[in-house]
Amino acid sequence: MDKQEKEARIIAYARQEQEKRDVASLDYLMADERGRWFLMRLMDRCHIMDSPFPDHTNRMLIAEGERRAALTVRQNIMHMADGLAQYQQAEREYMAFQQRMEDLMQTTESEDHHERPVF
């Protein structure tokens, strides 16, 4: 085996090991609500649900870079054995939290409108 062939095998092995660790790490995160929360916050902060065309050019470039990072993580999750189901569970949990926060804000606003004036 020559030097190039040996290097190619080492690189292939390293990539294979990295992929195994990536999958194991994502599986670990997706198996726990705290990990799913972290990933959904990452998706949210990386504008994965937003339009890729914000108003300002510089902001658009930044947002698209963030979005691509989140898309890469989501793609890795989807390649896991139960990735789709775990991702959907994470989405449901995250949207439920957002709904609870929205309901809380509406309740607070409603209470503010019904307060009696203080004389």
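Before anything else I wrote down the exposure scale: buried means under 20% relative accessible area, exposed means over 50%, and partly exposed is in between (1.4 Å probe, protein chains only). I also noted that this is a predicted model, where local features need pLDDT of at least 70 and side-chain atom pairs count only at pLDDT 80 or more, while totals for chains, interfaces and linings use all residues. Residues are numbered from 1 along each chain as its sequence is written, and side-chain values use heavy atoms, with hydrogens and water left out.

**Entry 1: salt bridges**

Side chains of opposite charge can pair when their charged atoms come close. My rule for a salt bridge was a side-chain nitrogen of Lys or Arg within 4 Å of a carboxyl oxygen of Asp or Glu. How many salt bridges does the structure hold? I got 6.

I looked up Asp 32 with Arg 34, and their side chains meet at 2.8 Å, N to O. Asp 32 is partly exposed at 28% relative accessibility, and Arg 34 is exposed at 66%.

Next I checked Arg 9 and Glu 5, whose closest N and O atoms are 3.9 Å apart in another salt bridge. They sit 4 residues apart in helix α1 (residues 3–30), so about one helical turn separates them. For helices I used DSSP runs (H or I, at least four residues; strands are E, at least two), numbered from the N terminus. Arg 9 came out exposed at 51%, and Glu 5 partly exposed at 38%.

Then I turned to Arg 36, which forms a salt bridge with Glu 93, the closest N and O atoms being 2.8 Å apart. Arg 36 is in helix α2 (residues 33–45) and Glu 93 in helix α4 (residues 83–113), so this pair ties together parts 57 residues apart in sequence. Is Arg 36 buried or exposed? It is buried, at 7% relative accessibility, whereas Glu 93 is partly exposed at 23%.

**Entry 2: aromatic rings**

A pair of aromatic rings is described by the distance of the centres and the angle of the planes. I counted rings of Phe, Tyr and Trp (its six-membered ring) as a pair if their centres lie within 6.5 Å; planes under 30 degrees apart are stacked, over 60 edge-to-face, and the rest tilted. That gave me 2 aromatic pairs.

Trp 37 and Tyr 94 have ring centres 5.2 Å apart and planes at 55°, so I logged the pair as tilted. It links distant parts of the chain, with Trp 37 in helix α2 and Tyr 94 in helix α4, 57 residues apart. Trp 37 is partly exposed at 35%, and Tyr 94 is buried at 7%.

Trp 37 also pairs with Phe 97, edge-to-face this time, at 4.7 Å centre to centre and 80° between the planes. Here the partners, in helix α2 and helix α4, are 60 residues apart. Phe 97 is partly exposed at 27%. I wrote down Trp 37, Tyr 94 and Phe 97 as one aromatic cluster.

**Entry 3: two helices in contact**

Which residues of α2 meet α3? With contact meaning heavy atoms within 4.5 Å, I found Leu 39, Leu 42, Met 43 and Arg 45 in α2 against Glu 66, Ala 70, Val 73, Arg 74 and Ile 77 in α3.
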